[in-house]
Amino acid sequence: MDTGGSSESPIETKKGKSKTPRKTKDSVLKQKSPAEFFAENKNIAGFDNVSVKRVMFDSIANSDLWFHGYGLHCFVALNVHTYGRCVDIWSYLPGKSLYTTVRELVENALDSAEAISELPVVEVMIEEIGRSKFNSMIGLTDLDRVDAELYDDFETVKAREKRLAKEARNQEIQAKNAALGKKVKEPAAAKGIRGRGEASFYRVICKDNGRGMPHDDIPNMFGRVLSGTKYGLKQTRGKYGLGAKMALIWSKMSTGLPIEISSSMKGQNYFSFCRLDIDIHRNIPHIHLHEKRDNKERWHGAEIQVVIEGNWTTYRSKILHYMRQMAVITPYAQFLFKFVSDASDKNVTISFARRTDVMPPVPPETKYHPSAVDLLLIKRLIAETSKQNLLQFLQHEFVNLGKSYAERLIGEMGPDFSTKMPVKSLTSQQIVRIHQLFRQAKFDDPSGDCLSPAGEYNLRLGIIKELHPDMVATYSGSAQVFEGHPFIVEAGVSVGGKDVKQGLNIFRFANRIPLLFEQGADVVTRTALKRINWNSYKINQTQDKIGVFVSIVSTKIPFKGTGKEYIGDDIKEIASAVKTSVQQCCVQLKAKIVRKIQAREQQERKRNLSKYIPDATGAIYDVLQEMARSHAAKRKRYEGEDAELLKKVSVRSITKETLSEKLAQHVEQVDYEMALEYATHSGVKEEPREPIYIQSLEAEKQFIDFHCPIFVFRLFQ
């Protein structure tokens with residue numbers, strides 16, 4: 001073998017890479033923890049900070065574009081991609097995470113208090129933290145800028161000259177308009193580009209008077225994703241069961257600071273204090289401090305403190321609207337909201353007082369309906385059941401399945417099935433057969449006993465407390481079913497009120513929590529806008545101040561989209577129930593509006609008739625006096641009642657005042673008869689009688705509540 005260069009080879013062999021493929025790093029199988037997954041997909045839980053909007057433009061002059069999307073203005077100078085005449089724009093909006101954190105903490109606080117039948121008292125404080133204060137919190141020293149061009153708010157000389165020239169032109173135009181006497185617009189405040197380095201930080205504190213948490217469970221309840229007490233089939237406020245865990249993940253991603261929890265349960269002489277963060281890759285809590293401290297005040301509940309990145313300016317209105325709507329749907333709760341800033345003019349303090357002490361019952365956990373289960377769920381129930389045979393399994397693990405009907409189902413499954421066969425011995429094929437039969441067989445609908453709506457009384461109180469409307473009507477429908485899950489729709493419609501704009505003002509609630517985003521595609525919005533003929537109920541859709549309140553409670557809310565912010569319009573049962581509920585409210589309002597119109601017209605008729613009583617009285621009395629003189633002079637004789645009347649006129653037993661009084665009485669009588677005839681033709685009947693329901697008397701209570709949509713009468717023993 002020739003180791004040197006060979007003269008027979010005209011081309012020298014070049015050294016190159018081996019043709020043997022090497023195992024790349026990307027081909028290594030990796031696994032993500034639940035915490036890591038939600039950290040990378042935080043938009044699923046409402047912690048997204050990037051707004052994407054596709055905008056139509058005829059032409060694009062430059063990359064600096066202003067657009068209006070999702071109810072807010074934002075400046076865009078990054079990531080503009082064009083598709084023909086469409087533009088997809090990504091803008092960094094660090095704000096919704098602040099709103100979502102407040103929402104999650106408030107809902108957890110309400111659940112905690114209601115679980116022990118305690119009237120909720122929830123205090124929320126948001127403290128704005130400046131850059132210098134934040135840096136000192138994490139031990140970072142502030143530094144001056146050395147290379148200004150590195151920063152995204154750097155302004156070149158050319159850009160500065162262009163901006164100053166534009167400002168000069170605007171000032172010149174304003175001066176000309178002022179000279180001509182035209183209205184001069186106030187110059188808009190300059191808006192700079194806000195980059196990631198300019199983000200604001202906030203300390204969010206939420207305190208409640210709930211049941212608190214066991215000392216040893218606190219680390220896992222906050223530092224381990226997909227572990228909690230709310231998993232199961234029941235009506236819950238939460239959307240994902242993540243709660244404050246996502247706030248902790250977002251805090252770790254945006255600030256790196258831990259969360260602080262103080263908690264105490266009833267009767268404990270200590271409260272637990274825990275400072276922790278989360279190991280995102282391992283999905284376990286990282287505990288900084290966990291200790292018991294003296295509870296001198298015998299306080300019970302929880303106080304959670306977290307520091308996150310956010311944007312109060314953008315989401316201020318959303319947070320305040322959320323607190324207001326929460327006060328509407330939970331009038332038995334007391335809320336105190338504070339926003340604290342170094343700038344005193346930005347401080348906000350709002351208190352939402354409690355209006356009633358009548359609370360809805362705690363929703364119990366229920367069993368699954370056969371038509372609402374899938375293969376995986378059936379397998380899980382089989383693995384977890386304590387029942388031995390198939391008959392017992394069907395009877396006790398599913399709702400509305402009695403012994404006789406379960407036996408008929410087993411007989412229909414085929415010869416391989418029997419009532420006494422061990423449920424743990426079922427094969428995959430047999431489980432598929434059970435699932436197929438569940439989908440094809442008919443079952444009684446589940447009852448609404450497992451649901452806990454706010455109630456007409458609370459809904460009405462909440463609307464009156466927060467909006468102060470001129471009139472309000474509420475309606476609570478009976479339990480209905482979609483896909484094997486029961487649901488109840490409650491509705492309220494108000495007219496007039498404080499801080500209510502003209503037109504339709506729609507308030508949506510799902511499992512007693514407000515829904516503020518993606519309103520346009522929601523079933524409530526579409527029903528109110530397209531399926532209700534407001535004019536037929538004497539309501540002007542554009543001129544009147546109309547409030548439409550719809551609350552849907554269910555063991556499964558059919559949210560649409562990853563954010564779970566709206567209920568789709570494609571479920572006929574829910575759409576029909578929403579329409580019926582709103583219409584029932586409108587029928588009640590129509591009766592009230594008609595009576596109001598009737599009273600106004602009655603007053604107008606009385607006013608018009610009463611205005612002519614003096615003139616009519618004078619004219620009639622002058623005629624009677626002339627007739628009396630003719631009768632006395634025997635120029636013209638009158639007999640019977642006429643003569644008697646003229647005699648009374650002559651002796652002044654009938655005067656102008658007497659006639660005026662008689663005419664006023666006649667006006668009252670005619671007015672009453674016309675109003676009664678109008679009411680009869682308009683179909684206005686007597687106010688419908690409201691049913692009263694008696695609650696069961698529990699051992700620890702010494703009173704009975706008589707419930708009615710407009711009042712609750714409490715009878716003490």
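**Close-up 1. E483 pairs with K556 in a salt bridge.** In this predicted model, the closest N and O atoms of E483 and K556 are 3.7 Å apart. The pair links distant parts of the chain, 73 residues apart. E483 sits in the loop between β15 (480–482) and β16 (485–495). K556 sits in the loop between β19 (545–554) and β20 (559–560). Is K556 buried or exposed, or in between? K556 is partly exposed, at 38% relative accessible area. Side chains of opposite charge can pair when their charged atoms come close.

**Close-up 2. Five residues share one salt-bridge network.** The members are K96, R103, E104, E107 and E565. Shared partners join their salt bridges together. Across the whole structure, a search finds 23 salt bridges.

Close-up 3. An α-helix has 3.6 residues a turn, so residues three or four places apart point the same way. R163 is partly exposed at 34% relative accessibility. E167 is partly exposed too, at 33%.

**Close-up 4. R293 meets E291 in a salt bridge.** The closest N and O atoms of this pair are 2.7 Å apart. R293 has 32% relative accessibility, so it counts as partly exposed. E291 has 28%, and is also partly exposed.

**Close-up 5. M137, I138 and L140 make a nonpolar surface patch.** The patch has an area of about 240 Å². Where does L140 lie? L140 is in the loop between α3 (131–137) and α4. At 49% relative accessibility, L140 counts as partly exposed, because the exposed class starts over 50%.

**Close-up 6. Helix α16 has buried residues and exposed ones.** The helix spans residues 641–650. Which residues of α16 are buried? They are A643, L646 and V649. Seen down the axis of α16, these buried residues fall within an arc of 120 degrees, so they line one face of the helix. What covers them includes α15 (613–632). On the other side of α16, E641 and K647 are exposed. Just after α16 comes R652, with a positive phi of about 60 degrees.

Notes. Residues are numbered from 1 along each chain as its sequence is written. This is a predicted model: local features need pLDDT of at least 70, side-chain atom pairs count only at pLDDT 80 or more; totals for chains, interfaces and linings use all residues. Side-chain values use heavy atoms; hydrogens and water are left out. A salt bridge is a side-chain nitrogen of Lys or Arg within 4 Å of a carboxyl oxygen of Asp or Glu. Buried means under 20% relative accessible area, exposed over 50%, partly exposed in between (1.4 Å probe, protein chains only). Helices (H or I, at least four residues) and strands (E, at least two) are DSSP runs, numbered from the N terminus. Patches are made of residues with over 30% relative accessible area and no salt bridge: like charges are joined within 9 Å, nonpolar side chains (Val, Leu, Ile, Met, Phe, Trp, Tyr) within 5 Å. Accessible areas come from the Shrake-Rupley method with a 1.4 Å probe; for residues, only the protein chains shown count as cover. The arc is that of the directions from the helix axis to the C-beta atoms. Contact means heavy atoms within 4.5 Å.
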